[in-house]
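Work through the exercises below with the sequence and the coordinates open. Each task is followed by a solution in steps.

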Amino acid sequence: MVGGGHAGIEAALAAARLGARCVLVTHAISEIGRMPCNPAIGGLGKGHLVREIDVLGGEMGLAIDATGIQFRMLNTKKGPAVQSPRAQADKHAYQRRMGEVVLAQAGLEVIEGDVVDILAMPMDAASATCAGASDGASDGALTGEAAPRTKPAWRVRGVRLADGREIAGARVILSSGTFMRGLMHVGARQTIGGREGAVSAEGLSESLRRLGFTLRRLKTGTPPRLARDSIDFTLLQPQPGDVDPQPFSLRTEVFAPRQVDCHQVWTNATTHALIRANLDRSPLYGGTIEGQGPRYCPSIEDKVVRFADKERHLLFLEPEGRDDNEIYVNGLSTSLPADVQEAMVRSLPGLEAARLLRYGYAVEYDSVPSWQIHDTLETKPVAGLYLAGQVLGTSGYEEAAAQGLVAGVNAVRELGGHSPMPLSRGQSYLGVLVDDLVTKDITEPYRMFTSRAEHRLHLRCDNTEERLGPLALEFGLLDARGRRVLEARARYVDGLRALLAGVTVRPPGGGPAVVAAQYLRFPEVNLEGALAAGLAADPGAEERLHALRGALAEAAPAPHVRAGAEAQVENGLKYGGYIAKQARLLAQRDDLDLRALPDDLDYKSMSALSFEAREKLTRIRPATLGQAGRIDGVRAGDLAVLTVFLRKRRIVRRQGGGDGGDI
Amino acid sequence: MSDPIEMSQDTVVARATPEGEGGLAVVRLSGPEAMAIAARVFRGPGFGGGSGAGPVARRAVYGIFHEPIDAQVVEDGALAVIDEILALPLPGPHSYTGEDTVEFFCHGGRQVAALVVRACQAAGAVAAPPGEFTRRAFLNGRLTLDQAEAVADLIQAGSEQAARAAVAQLRGGLDAELGAVEWPLLDLLVRLEGSLEFSDDDDTAAVPAAEVRLTLEEARDGIETLLALAPAGRLLREGIHVVLAGAPNAGKSSLFNRLVGGERALVDAEPGTTRDIVTAPVRRGGRLYVLHDTAGLRDTSHLVDGAGRVETMGIARTKETVAQADLVLLLAEAGAAGGQAWPELAAGEASMAPAATLRVLTKMDLAGGGRDRTGLAPAQVDEKAGKPIATSSLTGAGVDDLWAAIERQVEAWRLDEAVSLGVVLNERHRQRLLECRDELTQMLALYEGATPGDEVAGTLLASLLARLGEISGRVFTEQMLDGVFRRFCVGK
Ligand SMILES: Cc1cc2nc3c(=O)[nH]c(=O)nc-3n(C[C@H](O)[C@H](O)[C@H](O)COP(=O)(O)OP(=O)(O)OC[C@H]3O[C@@H](n4cnc5c(N)ncnc54)[C@H](O)[C@@H]3O)c2cc1C
Ligand SMILES: Nc1nc2c(ncn2[C@@H]2O[C@H](COP(=O)(O)OP(=O)(O)OP(=O)(O)O)[C@@H](O)[C@H]2O)c(=O)[nH]1
Ligand SMILES: [Mg+2]
């Protein structure tokens with residue numbers, strides 16, 4: 001594993017826990033698990049990912065539960081499918097804890113160093129031949145592009161550090177974050193480094209290029225940090241945590257966080273005028289920054305320019321730790337020069353005397369566009385090399401951690417000759433994330449949103465255990481305690497459902513008698529109400545419920561486990577109709593996901609495909625027809641062409657003809 | 001029917017240009033044996049007994065087209081010459097079909113082309129069924145499905161109007177019309193999702209249910225409009241089927257001949273003359289009509305002889321034809337006293353086009369010498385059906401009125417609109433649109449009861465857009481997010 005960020009941590013822990021012998025090489029052990037930006041975990045879509053990572057045995061949920069200082073469930077005014085937990089972390093505590101867990105992990109050795117080279121040997125000549133290279137009949141529309149190379153040209157064998165040391169590895173997972181040729185900007189001042197106070201990784205980009213990778217420059221930014229003791233909080237609107245905070249992890253047993261407030265503050269006309277007056281000093285507007293930044297996380301200068309008619313923008317002051325003097329200004333990401341940042345901050349009420357502990361900055365870095373990986377996260381050009389995290393063009397701790405877990409598990413499975421993790425868009429946000437990575441042409445740092453999931457109503461936080469638990473058990477990703485809690489929870493869910501389906505209740509408002517499960521679908525009824533009605537109708541039900549709860553409490557005493565299970569049962573029933581409908585609608589498309597597209601198709605020569613489809617298919621090389629259909633620009637007509645082609649090819653093969661590859 | 005994508009190893013031949021007037025006809029010979037067969041019937045540079053090196057690809061050569069060498073009786077080494085023509089060798093894959101192809105350019109239209117086709121068959125080629133070249137082109141990856149469909153429409157285009165519509169579709173008329181349905185839905189989705197993803201922010205107010213309803217209703221109307229154009233697609237492709245029906249001796253065949261402009265159907269004073277369906281195409285005003293003359297409708301149960309049996313069969317065919325008609329001309333003999341009653345027609349099967357009926361009085365020249373200007377017998381008066389069109393096949397009176405009435409009826413099917421929009425729906429499009437319409441109807445039904453949450457509406461809407469995208473090829477996720485970020489100023 002290269003890189004002890006959020007991706008590297010989950011990759012290393014997952015691999016080691018599956019019994020592989022692992023080495024994690026990272027620049028600084030003390031920096032393992034650092035949060036270079038927002039001191040928070042979760043959020044819409046991201047919270048879903050953390051829950052999934054957790055059920056699959058990952059560490060992120062446990063860590064934030066242990067070190068969080070404010071927990072909020074977002075979107076409580078909306079339906080349960082789009083509710084997602086978010087927590088402020090004490091970032092030092094979080095980092096410390098992650099470091100300890102990693103260092104304590106059996107089978108995992110941690111080495112400090114700078115990896116400058118991925119070591120790889122050429123695949124033997126025979127297996128490295130390029131399919132399609134023999135084709136002379138393509139129409140020339142795409143000439144000048146390399147023929148599709150479907151077999152990896154290299155096999156990884158380890159890494160080399162800057163000091164010359166070589167570390168052998170049958171599998172290498174690269175999660176170097178924002179470090180490859182990292183370049184930070186504050187106004188016109190440029191500093192080399194992957195993030196503040198850190199070095200950059202200078203050698204790796206060249207090493208990857210030599211192995212045949214295409215790289216792309218991306219950019220992200222972070223706001224200034226303020227001294228807590230220089231802020232007059234009496235002028236600010238506090239934002240407390242939830243009264244009844246819920247943990248992320250199924251495995252968290254003791255959970256009683258001492259919560260702190262965040263605060264809200266609005267920008268004003270003075271702030272905006274300052275920004276406008278100094279735009280020419282922003283590297284973003286001066287054209288110094290070439291990397292593409294994320295649209296969803298614009299810098300304050302972007303906001304002021306793009307939403308010129310908005311008079312104010314909302315900012316959040318978030319403590320970076322319980323006792324920390326540093327305050328993170330969420331919403332004020334900027335790369336304006338230091339003096340402008342200071343003036344900007346001091347134009348805000350309550351912040352007139354604020355001291356800036358650290359300035360906001362933008363960072364540019366090299367990433368590896370993700371069409372160069374398989375859905376296992378193994379790279380296409382180099383067998384045995386996996387990529388995970390920000391280096392693949394995503395952004396965010398959760399997205400990184402999710403990929404780290406997938407890469408770690410898959411690398412070990414593959415080493416042992418086992419099948420990779422089956423992930424699908426219909427079963428998890430992890431599946432959505434990975435499929436998007438291998439399907440979309442990602443030109444800005446990728447962030448998870450619930451709207452990316454077409455099965456959104458099914459992919460809820462509350463049923464993560466049911467969706468991914470069986471996979472976790474089958475792959476052996478959970479320790480004994482995790483397994484016990486998971487199984488007890490599943491039994492409770494089943495029992496509760498059976499109970500609701502087995503008693504008939506008479507709705508108080510009149511109307512015909514219905515089973516309690518049906519009654520629960522009434523808009524005004526919740527689980528508690530349905531259970532109460534059920535117990536009233538059937539004297540035996542009370543005893544059964546009691547037994548179910550007793551069994552659960554014995555195996556999983558933490559109250560949040562029961563709360564989560566009950567939310568799952570309630571929401572599953574309430575959404576049931578919609579989910580079934582969605583499933584039906586999507587089943588057809590999911591069928592296409594089972595139809596594999598051979599590795600060696602030469603799309604360029606299929607002139608029946610639209611030009612755009614040929615170009616995209618050649619680059620992305622989808623694994624299935626379904627994935628092909630999700631590529632922007634690939635039309636139903638193109639899919640029909642592919643379908644016909646596949647059938648024709650089968651027929652030709654059956655008749656003992658050529659390979660049919662010269663359509 | 002054979003599997004449409006089964007590959008055939010036959011070499012096929014057929015005229016590649018439409019049957020008809022034109023001075024030049026192209027005969028296409030396509031398949032693995034194309035070059036060899038050509039060499040058996042054509043002698044010119046690179047072909048036949050000429051120079052040893054084969055034909056030069058893509059270079060047209062003049063030469064002599066003759067009966068196949070082994071088929072003709074060779075006398076004095078002479079070839080049975082058919083004509084002097086141009087041949088264009090097109091080795092695969094750079095041909096229309098993607099296979100080895102030779103195209104022959106024949107002067108003199110029909111006649112020579114038919115001889116060329118026959119000679120190729122005699123030399124080993126198989127007659128190509130209609131659409132075969134396009135089918136092969138598609139299978140060999142030379143055409144996109146949409147193009148293949150449009151080309152197929154063009155080939156079958158019986159009229160100029162159909163050809164124009166097919167061309168317009170190649171240019172993407174349907175796409176634009178679909179876009180007009182998609183974009184407002186996308187905009188709605190953006191707002192729904194914006195309110196979900198950033199509900200903590202101040203400027204992402206929930207979308208009022210009434211607005212959601214309105215947008216969904218408008219989208220449904222838009223799809224209905226497109227669907228309303230669906231019959232037009234078929235009418236343009238296949239022509240408008242007009243069936244003449246009425247009692248025996250009503251004058252159907254006589255009127256048919258008038259409308260067709262030729263003595264195509266037999267006319268006789270004896271009732272029951274027409275037994276089988278007589279069909280003839282008519283091009284008029286840029287449109288293609290297919291006219292059908294039928295056997296007279298009457299009760300044949302009292303007839304026991306062979307003639308009765310044949311007539312009964314004829315009547316059964318008439319009914320079938322009527323059931324598939326786009327437009328039925330219901331004929332009855334005029335005459336104040338002796339006029340025939342309108343025949344009863346069983347309700348046609350539900351066809352894609354709304355089957356319409358026009359009532360026509362015949363033999364007006366015989367009707368009451370002008371005493372009764374309508375020529376209607378009491379039994380023929382039907383307030384609901386309105387005034388029938390009075391005609392005489394003898395004098396030709398009223399025939400123009402009848403055409404005018406037919407054209408008015410066709411106007412109502414909005415063929416011109418379909419042509420100008422370039423929207424010619426095929427069955428695949430129509431099915432998808434029907435599904436989308438039903439989907440919208442179901443979503444609207446949700447809004448009748450308790451308003452579904454934005455997350456439900458957004459999810460359903462996204463899947464609807466994905467279905468529309470199956471026709472339009474647009475994938476909306478990124479565009480939707482783009483819209484969210486453009487519209488809502490969001491922090492992290
Ligand atoms: C300035 C800035 C602003 C950000 N803003 C946002 C934001 O607004 N929203 C958001 O969601 N996310 C943001 N992030 C991103 C978030 O921090 C990352 O997505 C997340 O940390 C990625 O995790 P990772 O594991 O991929 O990489 P990182 O957390 O970057 O970890 C990489 C690790 O690898 C090590 N490493 C790298 N190269 C080498 C090498 N060659 N040899 C040895 N060790 C190496 C590094 O030392 C580091 O420990 C920001 C990050 C930065 C730096
Ligand atoms: N005077 C006059 N005679 C007509 C006219 N139209 C048809 N007839 C005569 O009516 C007789 C029947 O005409 P057809 O056209 O054969 O009638 P039909 O409806 O086809 O009859 P069947 O095929 O037997 O059912 C023939 O003798 C025609 O000459 C008309 O407009 N004027
Ligand atoms: Mg007749």
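Two strands count as paired if DSSP finds at least two bridges between them. Helices (H or I, at least four residues) and strands (E, at least two) are DSSP runs, numbered from the N terminus. This is a predicted model, in which local features need pLDDT of at least 70 and side-chain atom pairs count only at pLDDT 80 or more, while totals for chains, interfaces and linings use all residues. Residues are numbered from 1 along each chain as its sequence is written, chains are lettered from A and ligands numbered from 1 in the order in which they are written, and side-chain values use heavy atoms, without hydrogens and water.

**Exercise 1. Find the bridge partners of strand E16 (residues 314-319) of chain A and place the strand in its sheet.**

Step 1. Strand E15 (residues 262-266) of chain A runs antiparallel to E16(A), and four bridges join the two. Val265(A) is bridged to Leu315(A), and Trp266(A) to Leu314(A).

Step 2. Strand E17 (residues 326-330) of chain A also pairs with E16(A), in the antiparallel sense, over four bridges. Here Phe316(A) has Asn330(A) as its partner. E16(A) and E17(A) make a hairpin, with six residues between them.

Step 3. The open sheet has six strands in chain A, in the order E14-E15-E16-E17-E13-E18, with antiparallel pairing. From one strand to the next the twist averages 35°, with axes taken as lines fitted to C-alpha atoms and angles running from 0 to 180 degrees between N-to-C directions.

**Exercise 2. Decide which faces of E16(A) are covered.**

Step 1. Buried means under 20% relative accessible area, exposed over 50%, and partly exposed in between (1.4 Å probe, protein chains only). By this criterion six of the six residues of E16(A) are buried.

Step 2. In a regular strand, side chains alternate between the two faces of the sheet. One side of E16(A) carries Leu314(A), Phe316(A) and Glu318(A), the other Leu315(A), Leu317(A) and Pro319(A), and both faces are covered.

**Exercise 3. Which residues of helix H1 (residues 34-41) of chain B are buried?**

Step 1. The buried set contains Ala34(B), Ile37(B), Ala38(B) and Val41(B).

Step 2. Down the axis of H1(B), these buried residues fall within an arc of 105°, so they line one face of the helix. The arc is that of the directions from the helix axis to the C-beta atoms.

**Exercise 4. Which atoms coordinate the magnesium ion (ligand 3)?**

Step 1. Donors are N, O and S atoms within 2.8 Å of the metal (3.2 Å for Na, K and Ca); water is not among the atoms, so sites may look incomplete.

Step 2. The coordinating atoms are OG of Ser253(B) and OG1 of Thr274(B), at 1.9 to 2.0 Å. Ser253(B) belongs to helix H9 (residues 252-260) of chain B and Thr274(B) to the loop between H9 and strand E9 (278-284) of chain B, so the pair ties together parts that are 21 residues apart in sequence. Both Ser253(B) and Thr274(B) are buried.
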